[in-house]
Amino acid sequence: MNTINISLPDGLKHFVDRQVTERGYGTSSEYVRELIRHDQDRHLLRGLLLEGASSAPGTPVDDDYFAALRNRARRR
């Protein structure tokens, strides 16, 4: 695992320390790693949403759609 150093003003350092204590992280590194993972997830979701928004319209999801889905499930 690689290491990076981050300089924070006192107010942010105290905030991170409180989050570590109050939310049960073992270290500030664990907290920062989780923040980065959440940001990665957010970027992935945004990309998927944009991809979906620019795609061709799909099948309408209405009562007929759900009735067909239930019928298919019952046959299995």
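Trainee: In which helix does Val 32 lie?
Mentor: Val 32 lies in helix 2. Helices are DSSP runs of H or I with at least four residues, strands are runs of E with at least two, and both are numbered from the N terminus. Please note that this is a predicted model, in which local features need pLDDT of at least 70 and side-chain atom pairs count only at pLDDT 80 or more, while totals for chains, interfaces and linings use all residues. Residues are numbered from 1 along each chain as its sequence is written, and side-chain values use heavy atoms, with hydrogens and water left out.

Trainee: Why does Val 32 count as partly exposed?
Mentor: Buried means under 20% relative accessible area and exposed means over 50%, with partly exposed in between (1.4 Å probe, protein chains only). Val 32 has 27% relative accessibility, and therefore counts as partly exposed. Glu 30, which also lies in helix 2, is partly exposed because its relative accessible area is 34%.

Trainee: How far apart are Val 32 and Val 20 in space?
Mentor: Their C-alpha atoms are 9.6 Å apart, and the two residues are twelve apart in sequence. For Glu 30 and Val 20, ten residues apart along the chain, the C-alpha separation is 8.2 Å.

Trainee: What makes a region a pocket rather than a cavity?
Mentor: On a 1 Å grid over the protein atoms alone, a cavity is a set of points where a 1.4 Å probe fits but cannot get out, whereas a pocket is an open set with protein on both sides within 12 Å along at least five of seven lines. Lining residues have an atom within 4 Å of a point. The largest pocket here has a volume of about 480 Å³, a volume being the space filled by probe spheres set on grid points that are joined across faces, edges and corners.

Trainee: Which residues lie nearest the centre of the largest pocket?
Mentor: They are Ile 4, Ile 6, Ser 28, Ser 29 and Val 32, out of 16 lining residues. Helix 1 (10–22) and helix 2 (28–53) are the elements that give two or more residues to this lining, and helix 2 supplies the largest share, seven residues.

Trainee: What makes Ile 4 exposed?
Mentor: Ile 4 counts as exposed because its relative accessibility is 66%. Ile 4 lies in the segment before helix 1.

Trainee: How do you know that Asp 17 and Lys 13 form a salt bridge?
Mentor: A salt bridge is a side-chain nitrogen of Lys or Arg within 4 Å of a carboxyl oxygen of Asp or Glu. The N to O distance between Asp 17 and Lys 13 is 2.8 Å, and their side chains meet in a salt bridge. Because they are four residues apart in helix 1, about one helical turn separates them. Asp 17 is partly exposed at 30%, as is Lys 13 at 40%.

Trainee: How many salt bridges does a search of the whole structure find?
Mentor: The search finds two. Asp 39 and Arg 42 also meet in a salt bridge, at 2.7 Å, N to O. Both lie in helix 2, three residues apart, about one turn of the helix. Asp 39 is partly exposed at 33%, and Arg 42 counts as partly exposed at 48%.
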